[in-house]
Amino acid sequence: MAGKTVCRTWRRAALLLACVAASQAAWAGDPSARDWIPAPVGTNLIAGYMAGLRSSGLYAEGGRVDGASVDVNALVYRQMHYRDFYGKTVQLEFIVPMYRTSLDLPGVPGDHQTGIGDVTLGSAVWLYNNEQTRTWFAWEPFIVAPVGRYDGSRPDVSPGKNRWSTIQDFSFVKGIGESTYLEAIAEVEIYGRNTDWYGQTLKKDPSFRFFALASTNLTPDTYTGVRYRYETGGRETSSGETVATRARNHQLAVELTHQINDANQIQMQYIHDLKVENGPRMRGVQLRYVYAF
């Protein structure tokens with residue numbers, strides 16, 4: 001009986017830690033309203049993000065774990081370039097995040113780690129781009145390279161994830177009326193193996209994410225937006241044992257964006273997880289600054 005109890009305890013702890021380890025990726029890089037409206041060819045954008053998220057509970061298979069909490073602070077650098085490629089508008093970009101993750105679990109000493117996360121490279125192409133009807137459809141494949149700081153004995157707080165992955169985004173944007181936009185985005189992420197997860201190999205099933213966004217102008221230079229996010233999939237296994245069941249997560253975000261002038265834009269976003277099946281239920285604020293040249 002004692003052996004079975006230890007096994008159950010380990011599997012539950014592994015489940016929690018595997019879910020916590022995904023907390024940074026659950027929001028970093030998620031789209032904001034009008035992100036998928038292309039800038040003119042030749043435009044360069046530099047964006048900086050600063051975010052602070054706090055957990056209002058940590059969940060394992062739908063049940064809340066008392067006394068557990070996660071805090072994530074992040075700085076993100078993102079650079080984009082728009083160009084023409086055989087008559088299509090193409091966006092090239094890379095994203096470099098830095099995280100500080102702090103974790104508290106019942107009966108376990110608190111832990112935290114700070115460092116550079118995995119680098120994301122992407123190249124979007126607008127397959128349909130009609131400014132007259134304000135209708136756009138785009139596809140963007142991303143590659144996530146495992147170059148971030150990683151500790152196989154502390155994967156739960158490591159900024160890097162020690163595995164390759166690819167993200168495929170498909171986005172549709174439609175303008176309604178004078179200054180309202182509706183957007184729908186489908187995303188799938190396919191993961192490689194983490195071969196150093198507590199000395200074992202961790203496998204993860206593909207994750208599927210769906211976004212619905214709406215935005216409208218308050219003034220000619222200011223607009224507000226709302227985003228709904230649903231994620232499922234992402235079951236994790238090690239040595240044939242399930243350490244994290246598939247996600248069923250719902251999230252809402254509201255944002256306010258102001259165009260200071262042609263070159264400078266600022267945005268504030270409030271993020272709130274409505275329901276989380278596995279992992280931390282987060283809420284917090286993200287600030288974004290964009291410079292165009």
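1. Asn194 is positioned opposite Leu202, a residue of strand 11. Strands here are DSSP runs of E with at least two residues, numbered from the N terminus, as helices are (H or I, at least four residues). Strand 11 covers residues 200–204 and is joined to strand 10 by 2 bridges, the two running antiparallel; strands count as paired if DSSP finds at least two bridges between them.

2. This is a predicted model, in which local features need pLDDT of at least 70 and side-chain atom pairs count only at pLDDT 80 or more, while totals for chains, interfaces and linings use all residues. Residues are numbered from 1 along each chain as its sequence is written, and side-chain values use heavy atoms, with hydrogens and water left out.

3. The open sheet has 4 strands in the order 10-11-14-15, paired antiparallel. Strand 10 (194–197) and strand 15 (241–244) are at its edges with a single partner strand each, so one side of each lacks a neighbour in the sheet.

4. Strand 14 (residues 236–238) pairs with strand 15 in the antiparallel sense over 3 bridges, and Glu236 stands opposite Ala244 of strand 15. These two strands form a hairpin with 2 residues between them, and Ser239 in the turn has a positive phi of about 55 degrees.

5. The protein chain averages a pLDDT (the predictor's confidence in each residue, from 0 to 100) of 89, and 90% of the residues score at least 70. Where pLDDT is low, the predicted coordinates should not be read in detail.
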